[in-house]
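Colleague: Please take me through one part of this model in detail, residue by residue where that helps.

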Amino acid sequence: MCRHLAYLGPKIPLASVLVEPTRGLYEQSWAPRRQRYGTVNVDGFGFGWYPDADPETDPADVEPARYRRALPIWADPNLPDLARTVRSGAFLAAVRSATAGTSQEEAAAAPYRDGAWLFSHNGAVPDWTRLPTGPALDRAALLEMEARCDSALIWALLARRLRQREPVGGALVDVVRRIAEARPTARLNLLLTDGRTVFATRYGDTLWYRTGPGRVLVASEPDEHPDPTWGGWREVPDHSLLIATRDGVRIAPIRPVRPVAARPSSAPQERRPMNSRFTLDHRLPADYFDTTLRADVRLGLTAPSKSLPPKWFYDARGSELFEEITRLPEYYPTRAEQEILTRRAPEIAAATRAHSLIELGSGSSRKTRLLLDALTAAGTLERYVPLDVSDSALVQAGEALCRDYPSLRVAATVTDFEQELALADEPGPRLLSFLGSTLGNLDPAQRTDFYRILRRALSADDTLLLGVDLVKDPAVLVAAYDDARGVTAEFNKNVLQVLNRELDADFDPDAYDHVALWNADEERIEMHLRSRIDQTVKIPPLDLSVDFTRGEHLRTEISTKFRREPLEAELAEAGFTIRHWWTDPQNRFALLLAVPTR
């Protein structure tokens, strides 16, 4: 029901995109080829344009002009002259097939307008007059709706959020998801522009786009315009958000309203209500730690260059030692990241307007509370979702947060987020937080796999918050991982105590020296344990004997340090675009906000 299009590019006559193309919008009023519902679009039409819009001019303050009629587009004798003489670098046009029970007057024809925005809706909302709008629209706002139809109601919901300066893509997706939740059969292809950017959703009907040098055309269905300067038409996947400018197009998925059924797994998926506002969901098999530890030890200690993953540092004693490390004068990352968050948390809350904060980690730190405080103050936060392998850490953090934040719901999940992000239908938009430069513990191949997991889990209205340590003077870096008091050395050797306790190994921690070194080629700090003597270690449960020669290294951690441009390229390749990049005054550490791009 309905067809629409939007154009951005050099100034052209309206006729060249509306009337002249074979199988274009003009013909789609009586002979649409790909329309899924309805056969004709004869209940009105309209178009809007920006009188001063061209690639060299910012039309942000230009109110668009409109022309709308409540009759079939071919029946308007004024259209040929208007389409031939109206020229602009930004158009939005639509032909209408009215939803049953809606008004037929001219005011019901798209495009709708508010300030610099033009809007159109292709689809239908069943039983729209009883659609729950909650506090989003009061009685006065409902009475002020431009027309009595589902499209005008959607526009009222969206325009209110745009006037509040919410992020446009997130606002558009959230309106779609909230309507779809209340009306699962609703068709919600929305089209929005301010003359600089086109935002469009495909949700239940068709949507296509094509690009050319400095221009883009987004439409319900493709025309057959033969101009060779245009590229071919490309179809937008269903349940997607498209964002287009004269420079390019990006597409992001709109996550399902209902939770997707979990993949079959041997893991027990037990959900325990800890209290009325705190649930703990177990997604790991009962033997996860034993099985994973054995696999990591066998793989790492039989390799030509011996290594262990850093996650095995963190038993109770290791966690205590790390907390002590974060207070050492040499160890700057925690203080630098917290300094950025203290200054930027309100800005992060305003930019994301997150209803759910998802954190990869147990959420016991002060940094978590800075985000929770900012999102609570912004009035958007509904749920906190920590993911961690330690159920005890999650319980401790969850109970403390429920006590300190009386309106907060905590939905914790015991899972290994390097393998799978066990996300359900948390209220959106969602902010996923991965702090502490933990990203640096992954090598390039592991980061690629991790980004792939993130990209599958995040939707168009979600945002990723990353904390990363930056390249700097190697002397500063080495000191941060080899402090004068020897706390980091004890922390490093503690992994041997873990293997002794859990696998009945016979490591002698005193037979190893702690080593922290700067790998200039990989731009990363590496922590090693260096054998002081020739020795053999036995690990009976694995039937394994491991020989160490004097001076041989066992690598226990990598901590990659980042530069902005390579990290931007790495994230772009994975399907993310950085929107904000903040550093501390000494430029030691960075906090960045990124959004899905395709």
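Modeller: Ile-558 lies in strand 25, which spans residues 553–560; strands (E, at least two residues) and helices (H or I, at least four) are DSSP runs numbered from the N terminus. The model is predicted, so local features need pLDDT of at least 70 and side-chain atom pairs count only at pLDDT 80 or more, while totals for chains, interfaces and linings use all residues. Residues are numbered from 1 along each chain as its sequence is written, and side-chain values use heavy atoms, with hydrogens and water left out.

Ile-558 counts as buried because its relative accessibility is 5% (buried is under 20% relative accessible area, exposed over 50%, partly exposed in between, with a 1.4 Å probe and protein chains only). Apart from neighbours within four places in sequence, Ile-558 is in contact (heavy atoms within 4.5 Å) with Gly-440, Asn-441, Leu-442, Asp-443, Arg-524, Ile-525 and Glu-526.

One of these partners, Asn-441, sits in the loop between strand 19 (430–434) and helix 12 (444–457). With neighbours within four places in sequence again set aside, Asn-441 touches Pro-310, Gln-446, Glu-557, Ile-558 and Ser-559.
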